[in-house]
Amino acid sequence: MRKKVIAANWKMYKTPAQAQEFVKAFLPLVANHDRDEIVLCPSDTSLSVVIAAVAGTNVAVGAQNMYFVDEGAFTGETSPVMLKAISATHVILGHSERRQYFGETDETVNKKLLAALKHELKPIVCVGEVLAERESGKTEEVLLRQIRKAFEGVVAGQCASIVIAYEPVWAIGTGKTATPEMAEEAHAILRRDIARTLGQEAADAIRILYGGSVKPENATALMNQPEIDGALVGGASLDPQSFAKIVKY
Ligand code: PEP
């Protein structure tokens, strides 16, 4: 049985004080919740306060992005070494907003994935098709291209610590959710490909999350699909009550 991961992507929302306020309200709502792994991904400026606020609890903290080298003249970037140094444990990579607005490519996602693994950060690697690709029947082709490039150089034994997030771009922040069946089908495509390239054991170990307008109202139906190993939640993770309801779907 794969333990599900329920991760919050706060995007560019919340000051450190607001992040701390969230944690204060959220922790009592999920106390003793061991069924799933809970991860909060605030913006970089709130990482340290959130890490301090959840210390000793069942809640982990990750970044929303990082660069792939340890240090250097890369103004504005954060390195895996820096994330490790403040005890972040996870990092979202290749989110569609990074691909769309900040030039993230399959190649940079691959470099970041290898760097995260080298530094023992748990990567949450995002893949997903845009609406035009789905409508022209290219979903499988796009997912296979993204996943194969992202996983170049990854070995089977690393898959247990890698999380993939299938996030159809047309469902992110739009209120449109993939049906459980659509998500299930995309997850099966991804897992079959991991099985083909890295073996069945690796495919059975890797967690594949669904992301795209997950809310308390639709979480149960999505999470009950056998191929869906959790959720990456944007908008509905900003409110402690709403995110706690998703965690406890
Ligand atoms: C996301 O940002 O990863 C996401 C899935 O956003 P939303 O839940 O708001 O669609």
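User: By class, how many nonpolar, polar and charged residues are in the shell around the ligand?

Analyst: The shell has four nonpolar, eight polar and two charged residues. Ala, Val, Leu, Ile, Met, Phe, Trp, Tyr, Cys and Pro count as nonpolar, Asp, Glu, Lys and Arg as charged, and the others, Gly among them, as polar. This is a predicted model: local features need pLDDT of at least 70 and side-chain atom pairs pLDDT 80 or more, while totals for chains, interfaces and linings use all residues. Residues are numbered from 1 along each chain as its sequence is written, and side-chain values use heavy atoms, without hydrogens and water.

User: Which residues are closest to the ligand?

Analyst: A residue is near a molecule if one of its heavy atoms lies within 4 Å of it. Here 14 residues surround the ligand, and the closest are Lys 11, Glu 167, Gly 173, Ser 213 and Gly 235.

User: Where do polar atoms lie 2.8 Å from an oxygen atom of the ligand?

Analyst: A polar contact is a pair of N or O atoms within 3.5 Å. A polar side-chain atom of Lys 11 is 2.8 Å from a ligand oxygen, and a polar backbone atom of Gly 235 is 2.8 Å from a ligand oxygen. For a polar side-chain atom of His 95 the distance is 2.9 Å. The protein covers 96% of the 290 Å² of accessible area that the ligand has on its own (Shrake-Rupley method, 1.4 Å probe).

User: What is the phi of Lys 11?

Analyst: Most residues other than glycine have a negative phi. Phi of Lys 11 is positive, near 50°. Lys 11 is in the loop between β1 (4-9) and α1 (16-30); helices (H or I, at least four residues) and strands (E, at least two) are DSSP runs, numbered from the N terminus.

User: Is Lys 11 buried or exposed?

Analyst: Buried means under 20% relative accessible area, exposed over 50%, partly exposed in between (1.4 Å probe, protein chains only). Lys 11 has 19% relative accessibility, so it counts as buried.

User: How is the pair of Tyr 166 and Tyr 210 described, and what does it tie together?

Analyst: A pair of aromatic rings is described by the distance of the centres and the angle of the planes. Rings of Phe, Tyr and Trp (its six-membered ring) pair if their centres lie within 6.5 Å; planes under 30 degrees apart count as stacked, over 60 as edge-to-face and the rest as tilted. The structure holds seven aromatic pairs. Tyr 166 and Tyr 210 form a tilted one, 6.3 Å centre to centre with 55° between the planes. Tyr 166 lies in strand β6 (residues 163-166) and Tyr 210 in strand β7 (residues 207-211), so the pair ties together parts 44 residues apart in sequence.

Notes:
Polar contact = N/O pair within 3.5 Å; in protein donor to acceptor, adjacent residues only side chain to side chain.
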